[in-house]
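Have a look at the structure first, and then we can go through it together.

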Amino acid sequence: RMSTDIDNDLTSLDLVDTESMQGSIASSEVYIHEQKELLDATINSLTELTSKFREQGAVRAQLEDENQVLKIRLEEEKEQRVCLEGQLEQLASETKSVVEGRQGGGGEG
């Protein structure tokens, strides 16, 4: 009889243990599922941020390229301006010579 009581106690202990373990497992699964959803959301956010960061980097690179092109163009235009100013000075000088020559020549003629 004592042996049977001990067996019954052990059986009931096993049942209680199994039930509490199943409960623990179930709550752990819920927790893991929630954590996985949080992690997925975090990964999605990071992916979006990375994408935006890359886009901004591409835009920045494009702007830097355009800026470089504009700087080169500005330098070319400065050189053209200097050249044109030189030509203008030369033309003015020639015009002055011609005018003075005509005035002088006109007086003689």
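How many residues apart in helix 1 are Arg 81 and Glu 85, and by about how much of a helical turn are they separated? Arg 81 and Glu 85 are four residues apart in helix 1, so about one helical turn separates them. Keep that spacing in mind while we look at the chain as a whole.

**The overall picture**

What you see is a predicted model. The protein chain contains one helix and zero strands, and helix 1 covers residues 2-108. Of the chain's 109 residues, 0% count as buried. The protein chain exposes about 10,200 Å², and carbon and sulfur atoms supply 57% of that area.

**Salt bridges along the helix**

Side chains of opposite charge can pair when their charged atoms come close. In this model the count comes to four salt bridges. The table below includes three of them.

| Salt bridge | Closest N and O atoms |
|---|---|
| Arg 60 with Glu 64 | 3.6 Å |
| Glu 75 with Lys 78 | 3.7 Å |
| Arg 81 with Glu 85 | 3.2 Å |

Let us take each pair in turn, beginning with the one from the opening question. In the salt bridge between Arg 81 and Glu 85, the closest N and O atoms are 3.2 Å apart. Arg 81 counts as exposed because its relative accessibility is 57%, over the 50% cut-off. Glu 85, at 38% relative accessibility, counts as partly exposed.

Next come Arg 60 and Glu 64, which are four residues apart in helix 1 and therefore separated by about one helical turn. Arg 60 is exposed, with a relative accessible area of 57%, whereas Glu 64 is partly exposed at 47%.

What is the spacing between Glu 75 and Lys 78 in helix 1? Glu 75 and Lys 78 are three residues apart there, again a separation of about one helical turn. Glu 75 is partly exposed, with a relative accessible area of 42%, and Lys 78 also counts as partly exposed, at 46% relative accessibility. The closest N and O atoms of this salt bridge lie 3.7 Å apart.

Methods. Residues numbered from 1 in each chain as written. Predicted model: local features only at pLDDT ≥ 70, side-chain atom pairs only at ≥ 80, totals over all residues. Heavy atoms only, no water. Helix = DSSP H or I, 4+ residues; strand = E, 2+ residues; numbered from the N terminus. Buried < 20%, exposed > 50% of the residue type's maximum accessible area, 1.4 Å probe, protein only. Areas by Shrake-Rupley, 256 points an atom, 1.4 Å probe, with all protein chains shown as cover. Salt bridge = Lys/Arg side-chain N within 4 Å of Asp/Glu carboxyl O.
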